[in-house]
Structure formats: structure tokens, C-alpha cells
Amino acid sequence: MRQRLSFCSLVLAVLSWGLLLLGTLGRAHAVPGLAGWPRWGIILAQAVFVLFVFLYQRGRPDPLQGYDFVGLLRRLVRGPGLIAAVALALGLLERAAAVARLPAGGPALLAVVYTVNLGLFVVFLARTNYAWRSLILFRSTVRLRTEWALFEVLLGATLLLRLLSWHPPATVNTVVFTALALFGAYLGTNQKWVAYLSRRQKWQAVAYELLLLLGLLVFVQYFRATRFDPLLLAPEPQGAFLVLTAFFAAFYSVTGLLVTFFNLPTARVHEQRRAEVLSLQRLTQIIQRGQSEAEIYQTLLDAAADTAQADAAWLDVPAENPAGKTTAATEYYYKVSPAEATLLRDALAHYRLSGVNFVNNNLAEKPALAAVAPHYRSLVLLPLHGTQHRYGTLYLLKRIPYGFDPEEVSVLRSFTDQTVLSLENLTLATLALHNQRTQEELKIASEVQDSLIPKNLPTDDWFEISTHSLAAKEVGGDFYDFLVLPGRRLAVLIGDVSGKGVTAAFHMAQMKGIFHALMQGNPLAKNERDRFPLPSRFMAQANAALAHCLERSSFITSSLYIIDYEQGGFMFARAGHCHTLYYHALREEVFYFQSAGLGLGIIRNEGYEKHINNQFYDYGPGDVMVVYTDGIVEARGAGQEEYGEDRLKLRLEECYYQEADAIKQFILNDLNAFTTGQPIHDDQTLLVIKFKAVQPEPAA
Amino acid sequence: MKVTAHPSADSLLLVLDGELDASSAVLLDSELVKPGLLDYRKVLIDCAKLSYISSAGLGVFISHLQRLQDHNVKLVFFNMQEKVFNVFEILGLDSLMTIVPTQAEATAA
């Protein structure tokens with residue numbers, strides 16, 4: 001639709017121009033047999049031609065593509081500018097013909113050239129005005145668009161005005177004319193696009209606008225010259241419209257020129273800001289790509305030196321020695337030799353500037369510096385301060401005095417701030433990765449530890465066992481284990497390594513190893529009974545084994561029970577571990593075994609064996625043994641009070657008759673009710689061993 | 001946890017106040033590692049206000065036990081609350097360390 005309209009406009013414009021040519025030629029009586037047209041006919045043809053050229057131009061796609069303002073101006077100069085050149089050439093040709101009085105000259109040639117030039121002028125104006133429209137409406141408001149539409153309609157109205165035979169009084173004419181000119185001038189002040197030009201583009205825009213004005217001048221000059229030519233019998237052209245549009249085109253060019261020209265000093269600032277933004281982006285992107293500290297420092301130095309247009313710059317990064325990682329001092333240089341930098345650094349040390357922002361725009365005042373580097377006149381020194389420590393110091397130098405204005409220094413500061421941020425992010429990222437690894441290692445340790453805890457509890461027809469263990473952290477220091485020994489005997493080991501975490505878990509694994517090694521039995525023993533160590537002997541050997549590897553402040557508490565079904569009794573040794581809680585079925589009594597015994601790793605010599613002893617006890621059917629770690633009795637309640645041995649004893653008195661599992665659950669339920677809402681401070685382990693009420697006959 | 005040191009001619013009195021756990025154990029340890037400690041004949045520990053001792057707290061005393069014995073410095077605890085004494089006793093430390101009821105006895109020991 002739009003294309004067809006545009007095509008029609010073009011056809012009609014060409015047709016009307018043809019008619020105009022015919023009419024003008026006819027009026028000049030230049031061609032014999034061609035009837036002279038009435039005046040109004042020519043004016044009508046003119047008006048129609050102007051209207052359709054403008055309509056055609058109006059319907060063409062927006063000449064402004066994106067932000068290509070210079071491209072728009074260039075195309076404008078190449079198109080209508082060429083038109084002006086042709087007009088000029090034609091005008092000169094006709095002048096030459098007139099002067100030479102060539103036969104081909106005379107009114108006919110004049111009329112043709114005049115009509116051609118008029119046509120070219122109209123095309124030139126249409127192109128220019130619609131280019132200006134694109135520039136005026138660039139990033140415009142709705143109001144401005146309405147104003148522009150109104151301007152177009154009013155200009156069109158002046159075309160019609162000429163067609164009427166009515167001639168308004170001169171004053172009205174002047175008022176209307178001036179008002180429209182002022183309206184055009186008002187619209188012409190919309191030069192927002194200029195702000196988007198770089199310095200170089202501004203110079204180009206200025207040149208193109210000057211060329212356009214020159215083109216306009218050529219036409220105006222031509223029409224002024226031919227206007228009073230006695231040979232030209234054409235009526236004067238659509239004066240008001242053409243003068244107004246020409247005025248508007250010229251005015252817009254001139255204002256654009258002026259705005260561009262006076263904007264030139266700020267153009268550099270705009271360009272600089274853009275460069276700064278780009279540098280900052282580059283700096284930020286580097287960290288996002290997860291690059292190294294060295295790259296960040298190099299980028300900072302380049303960006304700062306580029307932006308400040310420094311003549312020399314360097315960046316000192318001091319040696320670091322955080323735990324585990326040592327980095328050597330590094331320097332980064334920009335247009336300065338390390339030797340020269342060292343000279344300057346030494347001179348600066350004289351002024352004790354370490355760690356402070358320092359700007360000096362007249363280095364001649366600083367004799368120590370002037371002595372080593374007289375060619376530098378301005379200096380900026382910016383330390384890179386992080387929250388924890390200083391990352392380095394940036395030095396920038398210029399050969400001119402007063403080279404660093406406060407604005408520039410503040411931009412440089414934002415560079416260093418961004419760098420510090422990037423470096424700290426990098427540290428955090430590394431730390432996070434490290435933490436993640438530690439977490440994974442802990443998880444593995446936890447899995448290993450879990451595998452050390454016996455899953456398959458020993459079973460026999462004379463006892464039942466129930467166990468519970470809960471670690472306060474991923475890995476704990478509590479442990480227990482069982483071994484079924486020949487002759488219907490059962491060894492039960494429980495222990496607690498002081499401290500928590502991986503170290504404690506490691507010692508727990510060690511203890512398990514010692515248990516299995518010592519309980520393998522001595523094949524050289526004279527009789528079956530002596531093949532396995534007594535609990536006290538076991539503890540002494542374990543103490544000796546641990547002495548070499550347990551840290552000085554660590555110790556282990558442990559109890560070892562060897563229960564003998566055939567003897568109907570058990571013996572045990574308590575190495576500083578919690579007292580054993582016992583229910584004696586025959587006496588219907590709950591009590592704690594009271595025995596002395598020193599924890600493992602407290603005395604690390606032969607003297608230990610004096611501090612440990614064995615206890616023997618005969619068990620009866622229905623007896624219950626409760627073995628636990630201090631995480632149970634030292635568990636805290638809401639008021640920070642401990643669960644305690646007494647409460648544990650009371651619970652057993654209430655549930656001894658139940659099965660081992662039920663007893664364990666009963667105690668745990670009470671413990672959980674007691675500690676509700678409190679964090680677990682220590683690992684909890686609870687073993688319940690119940691000797692069955694009906695004991696099978698011992699094997700013969 | 002607060003640890004206050006009161007030096008006198010031949011003995012050093014350390015007054016413990018609060019709960020001795022993993023975090024406060026460092027405080028106590030820093031008092032006991034001082035080289036000057038070995039010049040005393042006796043180190044008296046006032047446990048009247050010691051309300052709790054964890055295994056890390058016990059570890060501090062255990063780690064210095066051998067060193068003090070080697071230099072003939074006697075470690076004497078007094079005014080110990082029953083609950084705290086219980087912890088020492090269960091671990092068997094009462095047979096290794098001197099724990100007396102009153103300061104007078106501690107001074108005399």
C-alpha cells in the first residue's frame with residue numbers, strides 16, 4: 001500500500017513536472033506551435049509537482065538508521081549535493097549560451113534550465129527537510145511529533161494559498177510568513193542527536209552541514225539571478241512555500257552546525273567517559289571469567305594508564321604470606337623501565353606516602369623527585385585497600401603539570417575500588433572452592449567412620465544387644481565394637497576420644513585396629529584361657545600403642561568387657577570411661593560399678609599399668625548392662641543442667657524387664673524429651689546388653 | 001571463663017571462674033605454657049567457681065602434667081565442686097593429681 005502510494009506520487013510528480021516544462025516553454029513562446037498556458041495553469045502544475053515530490057519523499061523509509069547520523073548527512077550531501085552541482089552546472093551553461101548568443105540559447109534554453117533547476121531545487125529541499133525530520137524526531141516526545149505534523153500541514157497550506165486568486169494584504173502575509181518561520185526555527189532547535197556523536201563524527205557532521213549550506217546557496221543564488229531576467233516569462237515560483245522550506249533547511253543546518261561546533265570541547269569528555277565505562281566493564285568481566293590475579297592487576301594498570309592518558313605508570317604488588325600460600329612481590333610496568341621506577345620509588349619513599357592517596361600536580365616542588373625524574377610533573381599514587389589488607393599501590397605519572405584533575409582521580413579511584421572488589425571476590429571464590437573440598441573430605445571421613453561401626457551385631461541365644469550412636473558433627477570421637485571369641489565369649493569395647501572431628505575419628509579407627517589386633521589371640525599361649533589378654537593388660541598395651549601418636553592434650557577413655565557364657569560371668573577394665581550401669585535381677589537392684597582406672601594417653605610410660613585393674617562379676621539371667629559415653633550423661637537440658645547418672649539409673653529401674661531394644665528406646669525417649677530444643681554438644685553412644693532370662697544349658 | 005593469676009613467693013595461684021571448655025581451654029593453656037611457671041614450687045588451682053570442665057579442659061592439665069612433674073612443680077587443686085571432682089575421678093585423674101578440699105590444705109600440701 002505504502003509502496004504503491006509512493007509509486008503514484010513519483011509518477012504524478014514526474015508528470016506534473018513535464019506539464020510544468022511544457023507550460024513554461026509555451027509561455028516563453030520558445031517553441032513554435034505551443035500554446036501559451038494561463039498563469040494559473042503553471043502555478044497549479046508547480047503546486048502539484050511540489051506536493052507530490054514532498055509526498056514521495058515523506059513516504060520513503062526513515063533515512064536515519066540506528067545512530068548513523070553521519071551516514072545520514074553523507075547520503076544527504078551525495079544525493080541533493082550532486083543535484084546542486086548539476087544545477088550550478090546548468091546555470092553556468094545557460095549563462096554561457098546567453099553570453100555567446102548561441103542559436104540554441106535564448107528563452108527556450110532559459111525556460112528548460114529554469115524548470116529543471118526548479119525541479120532539482122524542490123527535490124533538494126524535500127530530501128533535506130525529511131532528513132531533518134528524522135533528526136528532529138530522534139528520541140522525541142509525542143508533543144514534538146504533533147508539532148512537526150502541524151508544521152507540515154501549515155507548510156502545505158501555504159501551497160494552497162498561492163493557488164487562490166485572493167491576495168491577502170501585505171501585513172497579513174508578513175505575519176503569517178514570520179509566524180511560520182518562527183515555528184520552523186523553534187523546531188530547528190531540536191538537536192538532541194549531536195550529543196551522540198564522537199569527536200571525530202562531530203567534525204564530519206560540521207563538514208557535511210557546511211556542504212549542504214553551500215548547495216542551498218547555489219540554488220538561492222541562481223533563483224535570485226534569474227528572477228528578474230527579462231527573458232524569463234515564467235510566473236514566479238511557489239514563493240512562500242519554497243522560501244519557508246529553504247529557510248527551514250538552512251536554519252536547521254546552521255543551528256546543527258553551531259550546536260555541534262560548540263559541543264566539540266565536551267565531545268572529548270563524552271568519549272573519555274565511554275572509554276572509562278568500557279575499561280570498568282573489562283575489569284568486571286575478567287573476574288567473571290575466573291581469571292588470575294595477575295590478569296586483574298595487568299588490566300587495572302592498562303585501563304588506568306589509558307584512561308588517565310598517563311605518560312608512565314606502574315603497579316607494585318607486595319609479597320604476601322597468608323597461611324599456606326606465599327607469593328613473591330610483583331611489579332607491573334607501563335611505558336616505564338623497572339630501573340626508572342625503582343629510582344622514583346626510592347625518591348617517593350623519602351616522603352613516606354605508603355598507604356595514602358596522593359596527588360601532586362607540580363612535582364617541581366618535590367626536590368627529591370625532581371632530581372631523579374625532572375621530566376615528570378604530575379603524579380598520582382593510589383593504594384589498593386581491601387577490607388583485610390593492602391593489595392598494592394598504583395603509580396601514574398604525566399609529563400605536564402596539573403595533569404590530574406579531581407574528576408580523573410575519582411575515576412581512577414573507582415578503578416582501584418573495582419579491582420579490590422574483584423580480587424576479594426577471587427579470594428572468596430577460591431575459599432568457597434576450598435570449603436567445598438573440605439566438606440567433601442569430611443563426608444568421606446564420615447562414611448569411613450560409619451563403616452567402622454559394626455552393623456551386624458553378634459547374636460547368640462544367651463544375650464541380646466541393642467545399640468545407638470549419634471555424632472555431634474560429621475565425624476565423631478565415640479566408638480564401640482564387638483568380637484565373638486572362641487568358647488562362647490564376647491568382647492565388647494566402648495570408647496570416647498577427647499575432641500571431635502577428623503582427628504578424633506582417626507584415633508577411633510586406630511583404637512579399633514588395636515582392638516582387633518590384640519584380640520586375635522596368642523597362638524603360643526599354653527591354654528585357651530590365656531590366649532587373649534586380660535582387659536587391664538589390653539588397656540596397658542593400647543596405652544603404649546597410643547602414646548606415640550596421640551597429641552599431648554588428647555586422651556581416650558575406654559572400657560573393655562569380656563563376657564564368658566561358660567563361666568557365667570564377665571571381667572572388665574575401665575580406663576577412665578563412664579561407670580557401667582547394671583541391673584542385678586536376683587537382687588532387683590540397679591547400680592553403677594565403682595572402679596578406679598585411668599584414661600588412655602594420660603600417662604605415657606610403663607607406669608600406666610598401676611592405674612588400671614580388672615573387675616570380675618557373675619551375671620545372672622535377666623541382668624541388664626548399660627554401657628554409654630559421656631555424651632549421654634552430660635547432655636544438657638533447657639536450663640543447661642546435665643542429664644546425669646542419677647536420672648539414667650532411675651530410667652533403668654523403670655524398664656529393666658523389657659527387651660534390650662525396648663530398654664534402649666525407653667532411655668533415648670527420655671533423653672530426647674530432656675534435651676528438646678538443645679543442640680547436641682557431644683557424640684552419644686548407648687549399648688544395652690541383656691542376659692536372657694532363660695539361659696540355655698552350657699554345652700558339655 | 002576467667003583465669004586470674006596471683007603469684008606469690010614460691011607458688012602461683014590460678015583462680016578459675018566459669019566453664020572450662022574447648023574455647024576457654026586456650027586461655028588456661030596460655031597461663032600454663034609460661035616458662036616462668038617452672039620456677040614455682042607449686043601451682044594452686046582454685047576451682048570454687050569452676051562449674052564445668054570438658055575433655056578439652058582436662059586435656060590442658062593432662063598435657064602439662066608430665067612437664068610439671070619433671071620440674072618438681074606440684075599441681076594442687078582445691079575447692080572443687082562435686083560435679084567437677086566427679087569428672088576428674090571418672091577419668092582416674094584423682095590418683096595422679098593432688099585434689100584437696102580447702103586452700104589451707106592446698107598451701108600446706
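Hi everyone, let's start with one residue: Arg651(A) lies in helix 16 of chain A. Helices here are DSSP runs of H or I with at least four residues, strands are runs of E with at least two, and both are numbered from the N terminus. A word on the source: this is a predicted model, where local features need pLDDT of at least 70 and side-chain atom pairs count only at pLDDT 80 or more, while totals for chains, interfaces and linings use all residues. Residues are numbered from 1 along each chain as its sequence is written, and chains are lettered from A and ligands numbered from 1 in the order in which they are written.

Is Arg651(A) buried or exposed? Arg651(A) is buried, because 21 other C-beta atoms lie within 10 Å. The cut-offs are 20 or more such atoms for buried, 12 or fewer for exposed, and partly exposed in between, with C-beta atoms placed from the backbone. Leaving out residues up to four places away in sequence, Arg651(A) touches Phe666(A), Ile667(A) and Asp670(A); contact means C-beta atoms, placed from the backbone, within 7 Å.

The axes of helix 16 (residues 644–655) and helix 17 (residues 660–675) of chain A come within 10 Å and cross at roughly 140 degrees. Axes are lines fitted to C-alpha atoms, for helices over the stretch in contact, and angles run from 0 to 180 degrees between N-to-C directions. Helix 16 of chain A and helix 17 of chain A are therefore oblique to each other, since angles under 35 degrees count as roughly parallel, over 145 as roughly antiparallel, 65 to 115 as roughly perpendicular and the rest as oblique. From helix 16 of chain A, the contact uses Leu648(A), Arg651(A) and Cys655(A), and from helix 17 of chain A, residues including Ala662(A) and Ile663(A).

Now the cores, meaning sets of buried Ala, Val, Leu, Ile, Met, Phe, Trp, Tyr and Cys residues joined through C-beta atoms within 7 Å. The largest has 91 residues, and Cys47(B) is one of those touching the most other members, as is Val492(A). Helix 13 (residues 501–518) of chain A gives the largest share, seven residues. Another core, of 60 residues, lies apart from it and includes Trp193(A) and Tyr208(A).

Finally, the two chains: 16 residues of chain A are in contact with 11 of chain B. Chain B itself has four helices and five strands, and 34% of its 109 residues are buried. Thanks, everyone!
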